[in-house]
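Reader: I have a model open on my screen and would like to learn how to read it. Could you walk me through a few features?

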Amino acid sequence: MHESLIQEIRSKADIVQIIQNYLPLIKKGKNFVGVCPFHDDHDPSMSVSQDKQIFKCFVCGAGGNVFNFVKDFEQIPFPQAILKVAQLANIVVEEQYLERQTVSDAKHKQLFDVLAEYVRYTHYILNTTDGQVARDYLMKRGLDESVIDKFELGYNLDQDQATRFLMAKGHSLEHCVKANLTRTNEYGNKDVFAKRIVYPIHSPDGKPIAFTARTLDPNESSKYINSTETELYVKGQVLYNYHRALRSIKLKKEMIVVEGFMDVIALDRVGIENVVATLGTACTKEQIRLMQSATHNVTVCYDSDEAGQSASLRLARLLLAARMNVQIVRNTSGLDLDEIIEKQSKANLQALMEQKLSYLDFFFEYSLRRLDLANFNQRKEFAKLIMHESNQLKDRFDQALMIDRLAQATQFTPDQLRLLVQAQTTSTNRLAQRPLIKNKLELTTWAEKEILGQMLFSQQAVLDFRQELGFFADASYQKLALTIINYYRSHEECVIADFISTLEDASMIELVTQIVDSEIYFRAYSSEALHDAILRVKINNLDRQLELFKQKYSDELAFQTNMERIQEYQSLLKQKRELVQLRGVDRHGKH
Ligand SMILES: [Zn+2]
């Protein structure tokens, strides 16, 4: 996308209005403040400047322009964030910028076509006399015609019959192989899913891209096989049933996440349609992003076995980290969802789905099953675990309830329980206070930021920097300085919010917003302040050299054995003294 278009969208979209699409902001003085969505914020720590069109969190450091906010909030790529901002601000973006998506679709059109044809063909076969054996099996499992039709189930006959059908329909063998429908070897072609019932897996926009397939042959060693990855299908990037469930998810404002496609079908049979499956217990970031784009309320319902329960905990934590609301279905039945229908009843499954636990309640029960409270050490461990988790709760009332519940379970008093976490937090605080040299370093940082701040506001400061200092020892400051210098090569002035659009590195964006948003720096070119800062940096560079020198040659200096070293050291000291003096004259001369 062209920079001028990005600039145009940026300047037309007001950051305050855009952010208010995501969270409430309150006007405070010149700025707006809100609860920061990028860390576990309790007070409004994020400030949004309408003047500068940037946001900044004073606690976690997150910051940037309107695109960065949308990109990080929605966890989408930068170009997509630009389009999203345009959409939110009702700015019409020309077709050509949306074209790339369609180009890749066209490239894959033949693959999509062959897959869609395969689904139609196998579904047709399932309803013929050839498919009777498969239909019998499905009926036995309680999957009637309406389920078969809705989920587009099919049956792949033996040998290469599907491949032959597809080729007769004009699809090339190459595409059948690329779509992972056909395998070829020296004996000829074979359908990948020969003699299996196929369950299509769709892309988020509803095109079939892969399959899970079950054998009907009792002697076959692998009951289920899945499509291998293809150009269209990347494992972990789809959620089974997403395209079908979306409408119901939006309606109910809730998404239920299960492990397998049979769980989806089981819930559908009892009228619960807002369900997707991760197809395995390892939920990926891409899948979470997909969930986020549908709703923020997720109910996890993985299997009731040990693997499923620990996977529930993992998924719940991932979802919480992505700032979503999480509930977990309490499933201690030891049965899969379809088994509950089979061995108990549909009503039992419906009742089970109503038993939703909060994350903490789930964690409480989960840990309780793993620890023996009769044992003092395990009881203490349990108390620590729960106290640690409940300490992260925003709601003080929920926190108090949890402490009471924990006190009952462990027979510790609430005061004793609070001691457990206090002991933990004070020890971490002490660690944080440790570095003593930090103060000195912070002063350098202050000076370096002053210089960078002025460079952002004026080209004159850039010239001065290049003439008098030329580089920063710190790699990230140096990188930012070079980026600013480069920016002025193609831009007359530096509008901060636009400059930020050109940065790719999140830490650079953080640094820029930190410099620009702080009150202690000059906001325009000030030769005096700039030169003082440059002197400071030089003095600090010398300090660093002196320190290194001492570390390296401490013996030789102590015993005064090497005249050369001593002279070298003294010359560094002299340089420093001169600079300090110069700085003193500068600073006091003006009074
Ligand atoms: Zn924050």
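This is a predicted model: local features need pLDDT of at least 70, side-chain atom pairs count only at pLDDT 80 or more; totals for chains, interfaces and linings use all residues.

Reader: Let's begin with the inside. How many residues does the largest nonpolar core have, and which have the most contacts inside it?

Author: The general idea first: in soluble globular proteins, nonpolar side chains tend to be buried together. Here the largest nonpolar core has 59 residues, and Leu 267 and Leu 349 have the most contacts inside it. Helix H6 (residues 109-126) gives this core its largest share, 9 residues. There is also a second, separate core of 44 residues, including Phe 364 and Ala 407.

Reader: Which residues does Leu 267 touch, leaving aside its neighbours within four places in sequence?

Author: Leu 267 is in contact with Ile 256, Val 258, Ile 272, Val 275, Leu 337, Leu 349 and Met 353.

Reader: Now the helices. At what angle do helix H22 and helix H23 pack?

Author: Two packed helices are described by the angle between their axes and the distance between the axes. For H22 (residues 459-468) and H23 (residues 475-490), the angle is about 125 degrees and the axes are 11 Å apart. H22 is therefore oblique to H23. The crossing of H22 past H23 is left-handed.

Reader: Which residues meet there?

Author: From H22 come Gln 459, Val 462, Phe 465 and Arg 466, which meet Ala 481, Ile 484, Ile 485, Tyr 488 and Arg 489 of H23. This contact is made up of 6 nonpolar, 1 polar and 2 charged residues.

Reader: On to single residues. Is Gln 53 buried or exposed?

Author: Gln 53 counts as buried because its relative accessible area is 12%, and buried means under 20%. Gln 53 sits in the loop between strand S3 (46-49) and strand S4 (54-57). Beyond its neighbours within four places in sequence, Gln 53 has contacts that include Arg 10, Asp 14, Asn 65 and Ala 497. Gln 53 and Ala 497 are 444 residues apart in sequence, yet their C-alpha atoms are 5.9 Å apart in space.

Reader: And what about His 175: buried or exposed?

Author: His 175 is in helix H10 (residues 173-178). With a relative accessibility of 16%, His 175 counts as buried. Setting aside neighbours within four places in sequence, His 175 is in contact with Gln 110, Leu 111 and Val 114.

Reader: Where is Gln 350 found?

Author: Gln 350 belongs to helix H16 (residues 346-354). Gln 350 counts as partly exposed because its relative accessibility is 37%.

Definitions and conventions:
Residues are numbered from 1 along each chain as its sequence is written. Side-chain values use heavy atoms; hydrogens and water are left out. A nonpolar core is a set of buried Ala, Val, Leu, Ile, Met, Phe, Trp, Tyr and Cys residues joined through side-chain atoms within 4.5 Å. Buried means under 20% relative accessible area, exposed over 50%, partly exposed in between (1.4 Å probe, protein chains only). Helices (H or I, at least four residues) and strands (E, at least two) are DSSP runs, numbered from the N terminus. Contact means heavy atoms within 4.5 Å. Axes are lines fitted to C-alpha atoms, for helices over the stretch in contact, and angles run from 0 to 180 degrees between N-to-C directions. Angles under 35 degrees count as roughly parallel, over 145 as roughly antiparallel, 65 to 115 as roughly perpendicular and the rest as oblique. A crossing is left-handed if the near helix is turned anticlockwise from the far one by less than a right angle, and right-handed if clockwise. Ala, Val, Leu, Ile, Met, Phe, Trp, Tyr, Cys and Pro count as nonpolar, Asp, Glu, Lys and Arg as charged, and the others, Gly among them, as polar.
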